[in-house]
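Subject: Handing over a structure

Hi,

Here is the structure I promised to pass on to you. My notes on what turned up follow below it.

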Amino acid sequence: MRPYIVAGNWKMNLDARSGQSLASEIRATLEQTHPGGLVRVLLCPPFPLLPSVAEALTGSDIGLGGQNLYPADNGAFTGEVSAPMLAAAGCSHVILGHSERRGYFGETDAFINKKVRHALAHKLLPIICMGETLEQREQDKARQTVETQFRGVLKDIDGDSVGNLILAYEPVWAIGTGKTATPKQAQEMHGFIRTLLSSTYGDSVAQSVVLQYGGSVNADNAADLFAQEDVDGGLIGGASLRTQDFLSIVTAAAEAAKRT
Ligand code: PGA
């Protein structure tokens, strides 16, 4: 059975002190209320916050993730960080191919594919983002866009590795806009991604891949999204910066997990 995974993408927010307090608050509340083991929770702070957030999470079940990496172990790449650096900072996961990276920093599927391989080579588990723009959806090209991204970012990666990945469907028009995909729209695309996985890697790999939805998930809409058959959790931006909202989302995932 697939786990539910809820990850907080803090983007470029907070500082060492406020990040540590948020992580401590989330930890304390989860330890009181969280029905253990049903949902995996990850926090993905900006790089300079990793040590203080790691400290706040020491000994807890909450995992730590980076928001990006550069696909080389070390070298003259000013401003970048590598998978070994993230792993040494305590990360188990890394977000790759976020639409903000694609849109603002020109990241292509081929470059994201290099990052995915680099992460896997260093035993970091990627959360790979994909999703269409509003224009692509309106032109009825949402599936085509997602399929191209899927094939590009996973090129030449074997089924065993793919089976451990997290794929996040994040329609660009829903990110940070307050406009969420309906549960039906999310399920349609997640079902489509599951079919792509199955036809490319076989059914057992397809069934083991966690498919997160991301894009304006909040305390009110999380339960309906997570109730969908192929929605296995969420990648949460804005709402992950507010303890109570994030915890409501984790609780919604735990409720969905109990029903499966
Ligand atoms: P949002 O961001 O929840 O603020 O829409 C999600 C994401 O970008 O991962």
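Helix α1 crosses helix α12 in the right-handed sense (the near helix is turned clockwise from the far one by less than a right angle). Helices here are DSSP runs of H or I with at least four residues, strands are runs of E with at least two, and both are numbered from the N terminus. This is a predicted model, where local features need pLDDT of at least 70 and side-chain atom pairs count only at pLDDT 80 or more, while totals for chains, interfaces and linings use all residues. Residues are numbered from 1 along each chain as its sequence is written, and side-chain values use heavy atoms, with hydrogens and water left out.

Back to the helices: α1 spans residues 16-33 and α12 residues 243-259, and they pack at about 40 degrees with axes 10 Å apart. Axes are lines fitted to C-alpha atoms, for helices over the stretch in contact, and angles run from 0 to 180 degrees between N-to-C directions. On α1, the contact (heavy atoms within 4.5 Å) involves L22, E25, I26, T29 and L30, and on α12 it involves T243, F246, L247 and V250.

Now the sheet: 8 strands close into a barrel, running in order from β1-β2-β3-β4-β5-β6-β7-β8 with parallel pairing (a pair needs at least two DSSP bridges). Neighbouring strands are turned by 25 degrees against each other on average, direction ignored. Strands β6 (166-169) and β7 (210-214) pair over 4 bridges, with A168 opposite Q212 of β7.

Enjoy exploring!
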